Amino acid sequence: MTKEELVIMVAFKTGVEKKVIRSVLAAFLQEVRYTLEKSEESVYLRNFGTFNIVKRKEKVARNIRNNTQVVIPMHNIPKFKPCKEFMRNVKNTNAFN
C-alpha cells in the first residue's frame, strides 16, 4: 500500500477530505521522523508498535572483491517493533497460502 492509497482508504472510512488526511499524515510522519532524528526518544503507539533508534557498534567487514577489511563505523538505524497483538494477528493471516 502506498501513502496515497492509505490517504484514500482513511478518507473513505472517515468521510474527511483527502486533502486534510494527506496533510495530517504528512505532519504525523514528519513528527515521527523529527523525534527519532533529533532525540533519543522513541515513538510509542498503543496497540500498534514502537519506532525507535538502534545503535550499531563499529565492526570490521570484508570486501570480497578486493579481499580487504573495511571498518564500518558506529551508526544509528531506525527500527519499528510491532506490538504483541499486531504480531499475533500478522502471524495468523494466510496471505501467502
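I began with the surface. The accessible surface of the protein is about 8900 Å². Carbon and sulfur atoms hold 56% of that area. I am working from a predicted model.

Next I looked up burial. I found that 11% of the 97 residues count as buried.

Then I checked the overall dimensions. The radius of gyration is 19 Å. For a compact globule of 97 residues, I would expect a value near 13 Å. Along the principal axes, the C-alpha atoms fill a box of roughly 60 × 40 × 25 Å.

I turned to secondary structure. How many helices and strands does the protein have? I count three helices and five strands. Reading from the N terminus, I get the order α-α-β-β-β-β-β-α.

I also looked at contacts by sequence separation. I took the contacts between residues at least 6 apart in sequence. Of these, 26% join residues at least 24 apart.

Charges came next. The protein has 19 positive and 9 negative charges. Their mean positions lie 8 Å apart.

Where does Thr 35 lie? I placed Thr 35 in helix H2, which covers residues 18-38. Is Thr 35 buried or exposed? Thr 35 is buried, because its relative accessible area is 16% and the cut-off for buried is under 20%. I then listed its contacts, setting aside neighbours within four places in sequence. Thr 35 is in contact with Glu 41 and Val 43.

Conventions. Residues numbered from 1 in each chain as written. Predicted model: local features only at pLDDT ≥ 70, side-chain atom pairs only at ≥ 80, totals over all residues. Heavy atoms only, no water. Helix = DSSP H or I, 4+ residues; strand = E, 2+ residues; numbered from the N terminus. Rg over C-alpha atoms; globule rule 2.2 N^0.38 Å. Buried < 20%, exposed > 50% of the residue type's maximum accessible area, 1.4 Å probe, protein only. Contact = heavy atoms within 4.5 Å. Areas by Shrake-Rupley, 256 points an atom, 1.4 Å probe, with all protein chains shown as cover. Lys, Arg positive; Asp, Glu negative; His and termini not counted. Charge placed at Lys NZ, Arg CZ, Asp CG, Glu CD.
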